[in-house]
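Good morning, everyone, and thank you for making time for this.

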Amino acid sequence: MESQGRTNKNKKVSRRDFMGGAAAAAMAFTIVPRHVLGGPGHTPPSEKLNIAGVGVGGMGGSDLQSLASENIVALCDVHDSYAAKTFKTYPKAKVYKDYRKMLDKQKDIEAVVVATPDHTHACIAMAAIKAGKHVYVEKPLAYSVYEVRKLTEAARQAKVATQMGNQGHASEDIRHICEWIADGAIGPVREVHAWTTHAVWPQGIERPKETPPIPEGLDWDTWVGPAPYRPYHPAYHPGLWRGWWDFGTGALGDMGCHVLDAPYWALRLGYPTSVEASGSIYVSTITWNKPVNTETYPRASIVRYEFGARGNMPPVKLTWYDGGLTPPRPAELEEDRKMGNMFGGVIFIGDKGKIMCGGHGGAGARIIPESKMKQYNRPPKTIPRSPGHHTEWVNACKSGQPAGSNFDYAGPLTEVVLLGNVALRMMHKKLRYDGPNMKFTNMPEADVYIHRQYRQGWTL
Amino acid sequence: MKDHKRATTGGNGKISRREFVGSAAAAAMAFTIVPRHVLGGPGYTPPSEKLNIAGIGVGGQGNHDLSQVDSENNIVALCDVDEVRGAEMFNRHPKARKYHDFRKMLEKEKNIEAVVIATPDHTHAVATIMALKMGKHVYCEKPLTHTIYEVRMVAKAAREAKVATQMGNQHQAIEGPRLLCEWIWDGAIGPVREVHVWTYRPAGMWPQGVERPKDIPPVPSTLDWDLWLGPAPYRPYHPDYVPFKWRGWYDFGTGTLGDMGSHNLAPIFQALKLKYPTSVEATSTEMYPETYPLASIVHYDFPARGDMPPVKVTWYDSGLMPPKPEELEDARLLPWEDGIVFVGDKGKLVAEGWGAQSVRLIPETKMKEYKKPPKTLPRSIGHYKEWVEACKDGRPTGSNFESASLVTEACLLGNIAIRTGKKRPWGQALTREKLNWDGPNMKFTNVPEANVYIHSQYRQGWTL
């Protein structure tokens, strides 16, 4: 036991090095093995973890597949038929419609996977954390900056194992980017361009007017959860909620946690000092002076972040593009080469060169042009490699060793992402952000978008 | 003597004008402003007499344009393929001869001295060139043409015809662009290496990013659909094209750049004396087979001009905008509808409103401190009046086809960069190249497939 503790401690040091101030300081606590601190009991590695899934129809089903070697003991979904396939896959699991009842009744649950639409992540994850369960939450961690902050704090206090579903964080490529940038491969980085090409749900549309009947087996009221109530429509569920302000977090919320993961990690970004956005207007009749569609996210947007100096790293400007928009092609990119990959991409612009990668976990990271990549003498691989994103979490639940995208890392990353959406609400205004105090210093009127009023009966 | 005096005035005008529109344009203009009688070109109407004007496309903007010139001139003929859209003008000028086909009108009405063309973009060039070749003065709505080949031909025809020309970017005549030029040439912000320009359109104005309609409604009895199509490939009538919604369709319109780029790029061309860009690169929302995408960003590189350094110009539309400059105070915003930011080595300048209506150095403290240079550029007598007077005495116009063709070409180059995107197999994402443009030879040097968009094949029966 003692030697295991030492190993953890050693790992801590290299992680700490790597992750920047606040996150590392917090992590120092979370990685102390659970049994030492008397937190929730850890499952010995030899035993299987009892996992419950909440929201198991879409991405949740896929997450559970990756965890199927553990015990899947409970499944919860507000929509029977949508989740039926997953229910069938795990016949031994008890089935629930309301996660509150599930957590209340089934005491053998040790860990919960939350993969509901964005607007219900926080309430469900918070209930699980408060009940002492380990949690795996799909990206983005939550719907609002405030929710993310509270979840991160709660997980730290509860000392549970956490992981956000940005699987690319476990990749080899993202580690390359971190190691190369730390090695000075492209010099100090002052500018980053990141984009996603992935938006397959409608955005830039109006609220449907018809009110079709609620499908049988769907608990629509619980689906709406803390969001303002509205009648059921297939334009929201299943799968199309991402584009709606009330439920989803748009293209940025969906893909930002993947695409920005590499720059966030490699550049130890922390909180931005400012954020500013513009988005395409798509309304049949323009409301003058109010170019924001308050129903759905714009078809395309550009979000500009500024981050202050971090340690020996200079201030950096990060620009996000979605809806098909991409940054200009870097002059270093050979004419026949594609920008990024199918999910999007990132271009790191350093004083001495550029790195380009795809939109998911730094996929296919290369220094550009390729001739420069070939010449590069790669540094030693100092960052611990991952056994796999879901396995990391399972290991964390059992050993207390934190997973790579635990909430102390994933929380601030998600905050960056969600601040972009606040800026979209405040279209064309530059918001100066006080991260530690979670407020805008020059535009207090933007603070209302840090959180939202929950519907009656719902609390965090 | 009177004529001689007028010629001298024209000569004086030439010099300061030359400064105003940049070298190549000015060189060409030097010809166009020589009084007509000297060169033996088409006769000019004495100032005391009324001009005989014909309108081609007289609903919508054509109605507006004619209304600016009809009270002091003779409207002798009106042409519109749509009797409903044309009705108001037809009724207002009962003595004017009515036509559906401008070709017939120009052939028959020998007393026409000048034409105002405000058809959809795809028929600008055929009408303009026919009129120019017949020695008529031409006012044509922006953008000047639908393709780059057409715009080169129009500029050439105007040069040869030596008539008075004006493109319909009305704000070229106002104070804003003149102050812009005077301040930038004064070195108010030092050499300019970066410009950002935008419009909120097409939002709420006309559809882009849509599919071709599938239903085939009957052609209204009041519309000559075949003539409306003109040189464009045939397709069945649909109200999704006419009236006005043609802007978003590749076959008929020139999208947002063609519409608002003509207004908003023009002052940049004037102030920075731009000619051909060396490259153009675009990014946009989802591509559709027949319409411009909803939103786009276009990057242009322009080479050094005289003592001015190379400059990058970036276009944004549909609500997309450049970053708010650090110099702009927290309480101020960039105008979200139309605007320009000039980034100089020694400061920044923001132009607000389409066509650079109001111009300010930022921050405001810098504006207040700025010792404005003398107003050396001639002020305009009014955009429409400029043209009417030019028809009478050969004086220069602010947006003659020489300078307007360069602005139009830039808009059209942006559209080609937008259209040249290739769809990747796995979805909507596009991959695009930066297109290198050889202006003098009118071709893209690195992406040959982009060259097919330089001109479009005309339907049988139509030629330039």
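This is a predicted model: local features need pLDDT of at least 70, side-chain atom pairs count only at pLDDT 80 or more; totals for chains, interfaces and linings use all residues.

Let me begin with one pair of strands in chain A, namely strand E1 (residues 50-54) and strand E2 (residues 71-76), which pair in the parallel sense over five bridges.

Residues are numbered from 1 along each chain as its sequence is written, and chains are lettered from A and ligands numbered from 1 in the order in which they are written.

Now, where do E1 and E2 sit in the order of the open sheet of chain A? That sheet has six strands with parallel pairing, in the order E3-E2-E1-E4-E5-E6. At its edges are strand E3 (94-96) and strand E6 (162-164) of chain A, each of which pairs on one side only. On average, neighbouring strands of this sheet are turned by 20° against each other, direction ignored, where the axes are lines fitted to C-alpha atoms, for helices over the stretch in contact, and angles run from 0 to 180 degrees between N-to-C directions.

Turning to chain B, we find an open sheet of six strands, again written E3-E2-E1-E4-E5-E6, with parallel pairing. Strand E3 (97-99) and strand E6 (165-167) of chain B stand at the edges with a single partner strand each, so one side of each has no neighbour in the sheet. In chain B, strand E1 (residues 52-56) runs parallel to strand E4 (residues 114-117), joined by four bridges, and B:Gly55 stands opposite B:Val116 in E4(B).

Finally, how many residues does each chain give to the contact between them? Chain A gives 31 residues and chain B gives 31 residues, with two residues in contact if their C-beta atoms, placed from the backbone, lie within 7 Å. On the side of chain A that touches chain B, strand E8 (274-279) and strand E9 (301-307) each supply at least two residues, and the largest share, three residues, comes from E8(A).

Definitions and conventions. Two strands pair if DSSP finds at least two bridges between them.
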